[in-house]
Every structure is written in C-alpha cells, then in structure tokens.
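Please open the structure in a viewer and keep the sequence at hand.

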Amino acid sequence: MNTPKRLGILTSGGDCPGLNAVIRAVVSHATLTYNWEVFGIPYATQGLRERQIIPLRMHSFDLRGIDPLVSMGGTILGTVNGGNTLAQAEDIIAGYRALNLDALIAIGGDGSLRILSELAMRGNWQFIGIPKTIDNDVAVTERSVGFDTAVNTITDALNRLTFTAASHDRVMVVEVMGRDAGHLALHAGIAGGADVILLPEIPYSVQEICEHLAELRDRWQRRFAIVVVAEGIHPPAESPCREKPACGMGQFIASQIGECSPYPVDVRVSVLGHIQRGGIPTALDRLIAAAFGKTAVDLVAAGKSNQIVTWQCGEVVAVPIEQVCEQSPHGVEPDSPLVQTARALGIYVGKK
Ligand code: F6P
C-alpha cells in the first residue's frame, strides 16, 4: 500500500468568516476520498519557518459530535498580515522541506497568494491557492471567501443606523473597509438603502454630495441620509490636497458635508472597522468554501500546481495563479452594471 500523501494547509493575510469552513472541506475531502494526511501550518509562513505542524482530522474539534468549523469565524490556524516574508524565503523553504509535505493549499488574499506562489516556485512545491478577502478584490474570481458575510454585516449595520438617523434627522456617515477596492461599499450600500456611496475607483465632489442631500430633503422630504464611504477613497475632486487626512475618510467626509451643506446638518460618523471581519459565515460563503476546498484537493490529486480556484458564473474554475496576481487588486469598474443600478436607484456614486 502507498504511503498517504501529506497535505499542508495554511491561512494567510487578514482573517475573514469562512476560513474554517474551507479547512473543514479540505480535511474532509482529502481524508474521505483520498485517504491523505492533512496538516495545518499555524500562522502561515511563520509556521513553516518554525517547522510547526498540527495534524487535522475529520471532526477533530468535536463537541458531542458537532463540527463547529463550518460556522466558526476567524481561523483555527491563526494568520499573519504584513512583514517582509520574501526576506525569509530560504528559512521558509527549508522549513517546508523539513516538514516533509507533498503539497500545500493556502487560503489568502492577492498579496499572500503572490508571495506564496513565488515561494512555491523557488521551493518547487506543489501549490494551490484559494482566494479569501472581505474586500473581494482578487481578480478573475467573482467572489472570494468572506465577502458575502461582510456585505451582510454592513447591510445589517446600515439597517440599524437608518432608524436612528431617521429619528434624529441626521446624516449618518458610515466608513467601511476596502483599502483598494469599493466592492464592499457598493454591494452593501445598495442592499442597505444608502443615499450616497463613495468608492476609491470613482472621483466625487463634496459639492455634489451636498446638492444630492439637499435634493433629498427639498424634493422628497427626506430629512436624514445614509452616506457609505469606503476607507480607501481619495480626497474629493475639488480638493487641491491629494494627501489622505489622518482622521480617516469617513470623519473627513462628515466634516466636509458639515461645512458645505446649504442647511444646518447634524452629522454622525460610524467606523465599522473589524466588526466586518468577524461573525458567522453566511450560507453562500460556506458553500463557496466547500466548493473551493473540494476543488483544491482534486487539483492536488491531479498533480496540478500554481493554480488558484476561482468562482465564475456559479462554478469553480482553476486558473494559473500568475494570471490572477497580475490583475489584482481588482476594483469596481466605474461603468459596471452595479454602479449603473445604484445610479438608477437615485444613489450618488460619484462623478459620471
Ligand atoms: O484586506 C482586508 C482588509 O479588511 C482591508 O479592507 C483593511 O484595510 C485591512 O484588511 C485591515 O487589516 P488589518 O487591520 O488586519 O491589518
């Protein structure tokens, strides 16, 4: 009988809901279908460097036979974000070799996958990537693990803020994550009934925002408003200064609206922060996690390497990792159907 394959799995970059559901899918399929051994690497490349390994078994996290991994946020393996990983490439590659792994599946955003695929080339690893990020800015894939849950979390926050804003006739500015891309702001803003959505990809004018809010009030007697601001937006078109203020873009937009509005406005700011990264994964994120995990294991079994699984039209499609990395981070197309939908619904989404 052949010795079973030793498959490593790690999570890298910022956490998000659904990572544990991917780990569960990989362990289940690798064990049940292929009879392989699966090992978790704690804290991504740090675990490789330190030669650390955690055997993962089906239902190893049992509580009366319940497997909590499908519904648990965060990552049981721990993760690291940032640092100059490639400077430690030799140690990491030596660690991988010492752990005697036959293949590695990594769940990461575009930055992590780029670095890991470089390490995989140098170390001659069999390597498969699975995209995750609440920002949804990994190119080629329509969805990354974690995005749907974050959209739902923000939508829920917007629902809550709407009622308090309406009760006090306030303008509620809500800053959401999205360092380079506005997918979160756009999806949740539409779903949560926002009046203004500001994205890093589309220039905007504070003057136009104030005119829009005045129109809501004068024409539709709407005395409150919800303004969704992606954290990565740039200063407004009319500002001579291109530097981002230290206070954060949500706070900045709130003060600009206060100064520019033709009416006295009562503005409040909510920065949702890391609440967006927590929580129980939605059914869609669990489904994507299961499909990505299953396909990643099949790709290893088929001897493939340096591929990433992507979600295209409801199906999982494997593509070369360089193709994805070259086009990432992938932002909102300013003329996309979703931007047009927002505009059709009377939402200000920046300059046309
Ligand atoms: O990449 C996802 C993201 O959530 C960004 O939108 C945000 O800027 C960043 O992570 C924050 O990450 P951390 O605080 O963990 O470094």
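Begin by selecting Pro329, which lies in the loop between α10 (321-326) and α11 (337-344); helices (H or I, at least four residues) and strands (E, at least two) are DSSP runs, numbered from the N terminus. This is a predicted model, in which local features need pLDDT of at least 70 and side-chain atom pairs count only at pLDDT 80 or more, while totals for chains, interfaces and linings use all residues. Residues are numbered from 1 along each chain as its sequence is written, and side-chain values use heavy atoms, with hydrogens and water left out.

Most peptide bonds are trans, and most residues other than glycine have a negative phi.

Next, select Gln221, in the loop between α7 (206-220) and β8 (225-230). Gln221 is a residue other than glycine with a positive phi, near 55°.

Move on to residues 307-312, strand β10, and residues 315-320, strand β11; the two run antiparallel and are joined by six bridges (strands pair if DSSP finds at least two bridges between them). Gln307 stands opposite Pro320 in β11. Two residues separate β10 and β11 in this hairpin, and Cys313 in the turn has a positive phi of about 50°.

Finally, select the ligand. Which residues are around the ligand? They are Asn81, Ile134, Asp135, Met177, Gly178, Arg179, Glu231, His274 and Arg277, each with a heavy atom within 4 Å of the molecule. By class, this shell has two nonpolar, three polar and four charged residues; Ala, Val, Leu, Ile, Met, Phe, Trp, Tyr, Cys and Pro count as nonpolar, Asp, Glu, Lys and Arg as charged, and the others, Gly among them, as polar.

A polar side-chain atom of Asp135 lies 2.9 Å from a ligand oxygen atom, and one of Arg277 lies 2.8 Å from a ligand oxygen atom. From Gly178, a polar backbone atom is 3.2 Å from an oxygen atom of the ligand. The ligand taken alone exposes 400 Å², of which the protein buries 72% (Shrake-Rupley method, 1.4 Å probe).

Terms used. Polar contact = N/O pair within 3.5 Å; in protein donor to acceptor, adjacent residues only side chain to side chain.
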